[in-house]
Amino acid sequence: MNPRIFLSFLSRITILSLCLLMVCSCAYVRNERGKDIVAECCGKILTVGEIDQLTRGFTGEDSARLAEEYIQNWAIELLMYDNAHRATNRQIEELVADYRRSLYMHEYEQLLVAQRMPQMIEDSLVHAFYETHKSQLTLREMILKGALLVIPNGAPNIAELKRNLLRLDDAESLEWIEKYVYQYGVGYELFVEDWKLQEEVLDCIPLEKQELEKLLRKNRQVEVQDSINTYLLEVMDYHLAGSVMPLEYARKDIEKNILGARRVDFLKDARNELYDKSLKNGKLVRYEK
C-alpha cells in the first residue's frame, strides 16, 4: 500500500476512534436522575439517549460524524444564547415588555369590540356608502351568474337541455336539468344566486378570457366542445371588468369598511372614556405645572 494512502487511512481511523471514544466515554457520566450524559453546557445536558435516537439507522463513520455535528451545534446555540442574554439582556427585556403590553392591549380591545360594539349594519348605511363610493367600487374582472354543465359528446336530448337552461329561474326546468345531469352529466355547477368570478368559470371550460367576452356579446348561452365533452354555459347576468360592482356583490366589502370605521371611532371613545373615568376615581392624577 502507498505510505501516504496508508497514513491518510490511519489518520481517518484515529479521528473516528477519538470521536467514538468521546461519545462513548460520556456514557459513564451520569446525572442525579441516572441519565448518561454526552455533554453539559450552560446548565443544560445532552444525553446518550438523545444522540442514539438521532443516529439510529447510521453506522460507523456516518454515525460519529452526525453525533459530533449535533453536539457542536447544540453547544454553540446554548453558548450564543448565553452570551447574547448577558450582553443584551436589558434591550431584550424592554422589547419583550413592549410586545407583552401591546399584546394585552390588543386582546383587550378585541374583547371590548366583541362585547360592546354593535355589529349589525342597517341597509340604509350600506346603500348610502354604495352611492357615495361607487367610483371606487369597480370590478377587477368580469363576474357572472348562471349555470355550467359538462356532458359527454353525443349525449341525448341536447336541444331540450338547452331550452331548459334558458329558464334557470323556473323550478321545473331546474329539476329537469338536475335529473339530466345525474343521468348523463360529467359536471354541473349552478350559480344563479351568487356571483362567480370569470377566472373560476374559465377554470372549468376550454375558453380564453377574450373569447368568452366576445361570445357573450352575441348570446348568453355559450357552447364549447373538445374531443371528449361538451360544455354548456348559460349566463343569466354578467358585469364586465371596470364596471361598477352590483350592490349585492359589493355588500361584504361595504360592511367590512363600515365596521372598520366604526371600530376606530369606538376604540377612540373607549380610550377617552377610560381616561375620564380614571381622572374621576383617582386612578389617574394630573398635577398642574
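**Salt bridges, starting from a lysine**

Reply: Let's start with Lys196, which counts as buried at 14% relative accessibility. Keep in mind that this is a predicted model. The side chain of Lys196 meets that of Glu189 in a salt bridge, with N to O at 2.7 Å. Glu189 itself is partly exposed, its relative accessible area being 30%.

How many salt bridges turn up over the whole structure? The search finds 12. In general, side chains of opposite charge can pair when their charged atoms come close.

Now for a pair that reaches across the sequence. Arg271 makes a salt bridge with Glu109, and their closest N and O atoms are 2.6 Å apart. Arg271 belongs to helix α9 (residues 247–281) and Glu109 to helix α3 (residues 60–116), so this bridge ties together parts that lie 162 residues apart in sequence. Are the two ends buried or exposed? Glu109 is buried, with a relative accessible area of 15%, while Arg271 is partly exposed at 48%.

Helix α9 also supplies Arg251, which pairs with Asp123 of helix α4 (residues 123–132) and so links distant parts of the chain, 128 residues apart. The salt bridge between the side chains of Arg251 and Asp123 has an N to O distance of 3.3 Å. Here both ends fall in the partly exposed class: Arg251 has a relative accessible area of 25%, and Asp123 comes in at 47%.

On to the helix packing. Helix α5 (residues 158–165) packs with helix α6 (residues 171–184) at an angle of about 140°, and their axes are 9 Å apart. That angle makes α5 oblique to α6, because a pair has to be over 145 degrees to count as roughly antiparallel. The crossing of the two is left-handed. From α5, the contact is made by Ile158, Glu160, Leu161, Asn164 and Leu165; from α6, by Ser173, Trp176, Ile177 and Tyr180. Sorted by class, the contact of α5 with α6 has 6 nonpolar, 2 polar and 1 charged residues.

How values were computed
Residues are numbered from 1 along each chain as its sequence is written. This is a predicted model: local features need pLDDT of at least 70, side-chain atom pairs count only at pLDDT 80 or more; totals for chains, interfaces and linings use all residues. Side-chain values use heavy atoms; hydrogens and water are left out. Axes are lines fitted to C-alpha atoms, for helices over the stretch in contact, and angles run from 0 to 180 degrees between N-to-C directions. Helices (H or I, at least four residues) and strands (E, at least two) are DSSP runs, numbered from the N terminus. Angles under 35 degrees count as roughly parallel, over 145 as roughly antiparallel, 65 to 115 as roughly perpendicular and the rest as oblique. A crossing is left-handed if the near helix is turned anticlockwise from the far one by less than a right angle, and right-handed if clockwise. Contact means heavy atoms within 4.5 Å. Ala, Val, Leu, Ile, Met, Phe, Trp, Tyr, Cys and Pro count as nonpolar, Asp, Glu, Lys and Arg as charged, and the others, Gly among them, as polar. A salt bridge is a side-chain nitrogen of Lys or Arg within 4 Å of a carboxyl oxygen of Asp or Glu. Buried means under 20% relative accessible area, exposed over 50%, partly exposed in between (1.4 Å probe, protein chains only).
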